[in-house]
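User: I would like to learn how to read features such as ring pairs, helices and sheets from a model. Please take me through them one at a time.
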Amino acid sequence: MTAVGTAAPWIGPRGRAPAVRGVPVWKRGTTWLAVALAAGMLLLFRSYVPLNMDELVEYQTLACLTHPFSGENTFNCPCAGFYLRVFGHLRLPLLSYDYIGSLSSLLYAPLYFVWPSPVSARLDGVIALAIQALVLGRMFGFRPAVVFCCLLLFVPYAFVHIADTGPVAFQTTAMLLVAYLLRRWILVRRRARRAAMAAAAGLLIALACWVKPTVFFISLGLAVTLLTGGGLALARRRGDRARRLLEAALLTAAAAGPALLIYQARRPDGGPYLPVLTAPDFVPSQIVFAGLADRFRANILPLVANPMGAVASCFDVHPELPVLGIAALAVGIGLLLAGACWRGAPRRHRAEVILNAALFAGTLLLIATNLYAKSMHHAVLAYPFALLAAARSLRLLPRPVGAAALAGFLALQAPVFALFPAMAAASRAAAAPKAFAAPLNDELSRRGDADTVVACADWGIYFIKALYGPREQVVLSLRPVDDPGQLPGAAAVARRLHRDLTLVALRNNAEVRAWLRAAHPDVPEEAGPGAGSPWRIWRIPRRELEADARPLPAGGPPP
């Protein structure tokens, strides 16, 4: 929520902030309902929603730090490339990918050491939704458990957080926390507490910048939120303006200082923290206003209007539900319009609804200006503003009206969950790689990793294998589509470590097949686990690698 209209429900007769009835209480019944719903959601995702390997990219720093042989992967996504030089000398593991910071690995670490499983990675998203429910409940006087249930049943929002391919969970949560801290900063009188809140809000913004540069998409909303809140704070207590300006400067320093510190860090090769910052496809340089209406209609509107837009990241085959999506969108717009136009509501609260709804639409338009932003994990960055506008509308409307609108909106989302088993079956029938990735990882671990080097020659399986395989494993991520010459390099690693070489690739990977035909024609091809699996496995014994004195081809059969 922006700071517009924060006064009425929070400020008492003499400027005090009285407790709002029922705000921070997790009532026993609703709490157990929320816990049961969260557990059921995790079970549903574990049973029917295939892993998208992008969910695990953000945790690769953790994989590099916990597996002793991870340094052998000098090919694609090398662990050595995650270490950056700060101030020219201090080496810190600040990256998890070329454009993803390692903060996600740091936050996931406690849960990973207790429960190293892809399910625990998805639990991270559920925890983020729970934190958002606490924040929204505290801000608007709702029971957090009820808010949590609503967020879990909001299909696109919950799906993108649980199967977090963005990563977006930290950025959306940080946005809501900044709004809450800004509100408290306006209302609280104690200077030390206000300074702490300003510093915390700035630090959250800096950490969001560390997670991923896509924080640029919410920069407009953040700027308007901060400027509006600062203006209200200065107008509220004019005799305290100097102190307020100092606190605003503290917020700015807390946001800009860590972000600049990270962005000035250098890679081992001397390159910048994020290569995309100096590349022609960096986010701001992708902004193109020509054809904006067409891109919004083609890329963004289908994601917002169709609750199935989010699930495309994990299901290769899924039906479209435009009728339900359009109906849900109409209910949501109607809720916001009702809150903005409700005559019995204070003008400042109606202005708050209008401003947050405008920031939601403006953020979506900013995302649409980007040539490559076509996924739900981009569009969802605008949703915190929609949640803030909807929450204020629900507080303004009579309870029966608001409850009916909310129930109708969530009822239009529910059928999507019922389709998950059918979509999972369709993905398996279509031999989609995502549907067979987790069973393949389990099969490779079952065979044992102490005597083999596993070379994953396709995007995907490496990330789950590197993170959840045994500590003694050696896993390499190859991209033969880009560079077939990496296959002989994988064989050289296996020879040096006196291990077998296990190649994992899709059955249509012509580069792997050509190299094997030329270098090791007698190696049998095995199908991955599961009927119709698209994965293929080749295991080259160490004795053949060590005894083979012939020079290995650089990729493909000789002419």
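Analyst: We start inside one helix. This is a predicted model. Tyr 108 and Tyr 112 lie 4 residues apart in helix H4, so about one helical turn separates them.

User: Why does a spacing of three or four places matter in an α-helix?

Analyst: An α-helix has 3.6 residues a turn, so residues three or four places apart point the same way. In this structure, Tyr 108 and Tyr 112 form a tilted aromatic pair, with 5.7 Å centre to centre and 55° between the planes.

User: Is Tyr 112 buried or exposed?

Analyst: Tyr 112 has a relative accessible area of 6%, so it is buried. Tyr 108 is buried because its relative accessible area is 0%; the cut-off for buried is under 20%.

User: How many aromatic pairs are there by this rule, and what describes a pair of aromatic rings?

Analyst: The distance of the centres and the angle of the planes describe a pair. The count comes to 17 aromatic pairs. Take Tyr 59 and Tyr 108: their ring centres are 4.3 Å apart and their planes are at 35°, so this pair is tilted. The pair links distant parts of the chain, 49 residues apart: Tyr 59 sits in the loop between helix H2 (54–57) and helix H3 (60–66), and Tyr 108 in helix H4 (residues 103–114). Tyr 59 is also buried, at a relative accessible area of 4%.

User: Which residues do ring pairs link into a cluster?

Analyst: Phe 45, Phe 159, Phe 315, Phe 417 and Phe 420 are joined into a cluster by ring pairs.

User: What span is expected of helix H14, and what does it reach?

Analyst: Helix H14 (residues 347–368) has 22 residues; from first C-alpha to last it reaches 31 Å, close to the 32 Å expected at 1.5 Å a residue. Several of its residues are buried, among them His 349, Glu 352, Val 353 and Asn 356. Further along H14, the buried residues include Phe 360, Leu 364 and Ile 367.

User: Where is Gly 448 placed?

Analyst: Gly 448 is in the loop between H20 and S5. Its relative accessibility is 24%, so Gly 448 counts as partly exposed. The C-alpha atoms of Gly 448 and Pro 470 are 8.5 Å apart, although 22 residues separate the two along the chain.

User: What do the totals say about the protein?

Analyst: The protein has 24 helices and 9 strands. Of its 559 residues, 55% are buried. Among contacts between residues at least 6 apart in sequence, 76% join residues at least 24 apart. The protein exposes about 23,500 Å², and carbon and sulfur atoms supply 65% of that area.

Notes: Residues are numbered from 1 along each chain as its sequence is written. This is a predicted model: local features need pLDDT of at least 70, side-chain atom pairs count only at pLDDT 80 or more; totals for chains, interfaces and linings use all residues. Side-chain values use heavy atoms; hydrogens and water are left out. Helices (H or I, at least four residues) and strands (E, at least two) are DSSP runs, numbered from the N terminus. Buried means under 20% relative accessible area, exposed over 50%, partly exposed in between (1.4 Å probe, protein chains only). Contact means heavy atoms within 4.5 Å. Accessible areas come from the Shrake-Rupley method with a 1.4 Å probe; for residues, only the protein chains shown count as cover. The expected span of a helix is 1.5 Å times one less than its number of residues. Rings of Phe, Tyr and Trp (its six-membered ring) pair if their centres lie within 6.5 Å; planes under 30 degrees apart count as stacked, over 60 as edge-to-face and the rest as tilted.
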